[in-house]
Amino acid sequence: KYPFLGAMRAAAQMVSYEVAMGFALICVLLVSASLNLSDIVLQQGQGRFADMGLGFLSWNWLPLLPMFVIFVISGIAETNRAPFDVVEGEAEVVAGHMVEYSGMSFALFFLGEYANMILVSVMTAVLFLGGWLSPVGFLPDGFHWLAIKTAFILFLFLWARATFPRFRYDHIMRLGWKVFVPITIVWVIVVATWMMTPLSIWN
């Protein structure tokens, strides 16, 4: 049945990209030395560039650029947005797990999907883009910066949807397990080693 096929594909896709997101998160936790989101944001406001008034260069997106890219792409895959929306591929599984729902139940599924997009965007902004911190020293920090960064990540979601065609399912699984997971594992080791050397930028 189509709902069963859609649910199986959703589960496999979620597991494969959550592993990569988890390793990317581990890199952020390594450099922040904290699980507290406020501490992670405040840590990004420290360093040579922040002292020069160029706060956006001290955020985690720059030293952890591969992890930032993988986190954003994995977030798109986690939320089943195009080009990773094979869970509801019209030509294959006909809306997947949502095919048996209509009316308010169907609306709640879509509400959950868009809420998930906002959540992933907020987490990306907090972990890699300095959260509520101002990008430059002469502008005050504030919640509006978090909203702007979240909107920017949401724009990337829409941009990817309008730019790329839907991937084949085996390509999606290969990208998750054979590309992202090995890269993130290697990068965790690189960051951990980097932090133990005198060249560390996080001391």
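This report describes the fold, the annotated spans and selected residues of a predicted protein model.

## Overall architecture

The protein contains seven helices and zero strands. Read along the sequence, its elements follow the pattern α-α-α-α-α-α-α.

Of the contacts with a separation of 6 or more, 74% are between residues 24 or more positions apart. Buried residues account for 42% of the 203 residues.

## Surface and charge

The protein carries 10 positive and 12 negative side chains. The centres of these two sets are 8 Å apart.

## Annotated transmembrane regions

An unreviewed UniProt entry annotates residues 20-42, 54-73, 145-164 and 176-196 as "transmembrane region". In the model, residues 20-42 are 83% helix and 0% strand, and the end C-alpha atoms of this span lie 25 Å apart.

For residues 54-73, the corresponding values are 45% helix and 0% strand. The end C-alpha atoms of residues 54-73 are separated by 26 Å.

Helix α6 comprises residues 143-163 and includes threonine 150. A polar atom of the threonine 150 side chain lies 2.7 Å from the backbone oxygen of leucine 146. Threonine 150 has a relative accessible area of 8% and is therefore buried, the cut-off for that class being under 20%. When its neighbours within four places in sequence are left aside, threonine 150 is in contact with Ile118, Ser121, Val122 and Ala125.

Isoleucine 148 is also found in helix α6. Its relative accessible area is 48%, so isoleucine 148 is classed as partly exposed. The C-alpha atom of isoleucine 148 lies 9.8 Å from that of glycine 131, and the two residues are 17 residues apart along the chain.

## The loop between α4 and α5

Helix α4 covers residues 65-78 and helix α5 covers residues 103-128, and proline 83 lies in the loop between them. The peptide bond leading from alanine 82 to proline 83 is cis, with omega near 5°. Most peptide bonds, by contrast, are trans.

Asparagine 80 lies in the loop between α4 and α5. Its phi is positive, at about 60°, although asparagine 80 is not a glycine. With a relative accessibility of 10%, asparagine 80 counts as buried.

## The loop between α1 and α2

Alanine 33 is found in the loop that joins α1, residues 2-32, to α2, residues 37-43. The phi of alanine 33 is near 55°, a positive value in a residue other than glycine. Most residues other than glycine have a negative phi.

Alanine 33 has a relative accessible area of 70% and is therefore exposed, the cut-off for that class being over 50%. Asparagine 80, for which a positive phi was also noted, is buried at 10% relative accessibility.

Technical notes: Residues numbered from 1 in each chain as written. Predicted model: local features only at pLDDT ≥ 70, side-chain atom pairs only at ≥ 80, totals over all residues. Heavy atoms only, no water. UniProt positions renumbered as here; feature names shortened; annotations may be inferred. Helix = DSSP H or I, 4+ residues; strand = E, 2+ residues; numbered from the N terminus. Buried < 20%, exposed > 50% of the residue type's maximum accessible area, 1.4 Å probe, protein only. Polar contact = N/O pair within 3.5 Å; in protein donor to acceptor, adjacent residues only side chain to side chain. Contact = heavy atoms within 4.5 Å. Lys, Arg positive; Asp, Glu negative; His and termini not counted. Charge placed at Lys NZ, Arg CZ, Asp CG, Glu CD.
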